[in-house]
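Today I am looking for pockets. I open my notebook and bring up the model.

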Amino acid sequence: MTTDQPLLIAKGVTKHYGARTGCEDVSFELYPGEILAVVGESGSGKTTLLNGLSCRLPLTGGQVSYRMRDGTLRNLASLTEAERRFLMRTDWGFVHQNPADGLRMRVSAGANIGERMMAVGVRHYGRIRETADDWLTRVEINAGRIDENPASFSGGMRQRLQIARNLVSHPRLVFMDEPTGGLDVSVQARLLDLLRALVGEMGLSAILVTHDLAVARLLSHRMMVMKDGRVVETGLTDRVLDDPRHPYTQLLVASILEV
Amino acid sequence: MTGSLPAYNFAYLDEETKRMIRRAILKAVAIPGYQVPFASREMPMPYGWGTGGVQVTASIIGPDDVLKVIDQGSDDTTNAVSIRAFFANVANVAVTTKTAEATVIQTRHRIPETPLREGQTLVYQVPIPEPLRFLEPRETETRIMHALEEYGLMHVKLYEDIAKNGHIATTYAYPVKVEGRYVMDPSPIPKFDNPKMDDCPALQLFGAGREQRIYAIPPHTRIESLDFEDHPFRVQEFDRPCGLCGATGVYLDEIVTDDRGGRLYACSDTDYCEERRMAGHSGPAL
């Protein structure tokens, strides 16, 4: 597959909750290896958009197409449920803001990482464990804690474990919903470093929802600014942050605390 | 029915109910290992005492059948005795304790040691029919998982076993795959009995009363116990023979005989043990 063909195409993505608008008429293309940040204040429709794109919410209107591993572009709404679920646990990853939503809290860290392997039919305990070991090291968790439940992990460790659990299947696209939310600043910084390294090393594409412009600046190539469910500005991250054009973006950028 | 007696139908359940349950059974036999919902009735016993098994038995039993009921392998524990008496009462069928003579065997948590033959039906009492339940609490989700054959989670459980205990420590209700398709909970039989389910010439029916599910294994169906390539499925092994009949290669119960640490290991299948003793075998405890 060449990188000049988009991996994901969203056209007029719209989600209404009854009379209320979640997101309205969002269109963009995501290219392989690209990180797209979706920023905006709470309630601007970022998470709704993310859930809509990743088939976790049925859309009211619009269409999302995804280029499968065989190179064909498929409308996600036309996939069978089996295909969709297979996609979700192999080719995609989803990192939740609250790691408890994305982890199995009652099974060990090793089993959390191994789940995707077992889901696609790996039946060799030794190999699963080796891979889990390897991934724990990669996300900077002491491999000695492989048999502990995530309930005994700190927030930052849980988030790193959630990332490992998603990346073990070598997805091509990862959806991230405020991956650094709820973590203190030093832990955030380490997590961002780690994410940056992994994303670069694995050539991942990602759609990253965040209200933290610093996170967007560090991780993303392009940026979409949302307000009241609509995209008000889009462009290269550095351009948007250094030269915001829409009044709302200007307000957002201006409201960053300078230390 | 005539006379002033309360109008019990043959085998307690009314014919319409039996029809409904038989339909569920037929569907279950047609889709081996698939859990068929059915409208479970109140039975004159509490849930957990085999209401599912009793309803299945009541629906398939005929006047010419010979019924055997076992509870953990034994013919004379409370559950077995009361269910046997129940059917002797409401269906007036012949009852037996001999595996070879029975046509219908209702069981709680064991498969008899004497190999079953064609024409026999084994009815299991099932507390929790859903093998994925403890990993996935949502029924809507487990149904989709069965439909789409997403059984990776079952191995997550076995992985946890090995990670925490060094070997697969599940010893009963050990999950099996039926004819290469559905993953099934064989009810809490010891995993020792799992191999007996494979290619069994008898019909095996499973009834869960509280959970309202019936499932089945038709005769000569392939049953595989789930495992890992490097941690293959193994049954329990006993390092001594039965203390009473000297049998080896059977499932043994540990019986406390006194308060000074005395133990007797004896066949859990009482009928099998008695038959052997009648045939002149005897074990080290006698």
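How many residues line the largest pocket, and which lie nearest its centre? I looked it up: 42 residues line the largest pocket, and A:Arg104, A:Glu115, A:Arg165, B:Arg138 and B:Glu141 lie nearest its centre.

A note on what I am reading: this is a predicted model, where local features need pLDDT of at least 70, side-chain atom pairs count only at pLDDT 80 or more, and totals for chains, interfaces and linings use all residues. Residues are numbered from 1 along each chain as its sequence is written, chains are lettered from A and ligands numbered from 1 in the order in which they are written, and side-chain values use heavy atoms, with hydrogens and water left out.

I checked the term too: on a 1 Å grid over the protein atoms alone, a pocket is an open set of points where a 1.4 Å probe fits, with protein on both sides within 12 Å along at least five of seven lines, and lining residues have an atom within 4 Å of a point.

Next I noted the volume (the space filled by probe spheres set on the points, which are joined across faces, edges and corners): about 1500 Å³ for the largest pocket.

I then sorted its lining by class and found 16 nonpolar, 7 polar and 19 charged residues. Here Ala, Val, Leu, Ile, Met, Phe, Trp, Tyr, Cys and Pro count as nonpolar, Asp, Glu, Lys and Arg as charged, and the others, Gly among them, as polar.

My last entry is the second largest pocket, with a volume of about 430 Å³. Of its 15 lining residues, A:His211, A:Asp212, A:Leu213, A:Ala214 and A:Ile256 are the closest to its centre. I counted its classes as well: 8 nonpolar, 4 polar and 3 charged residues.
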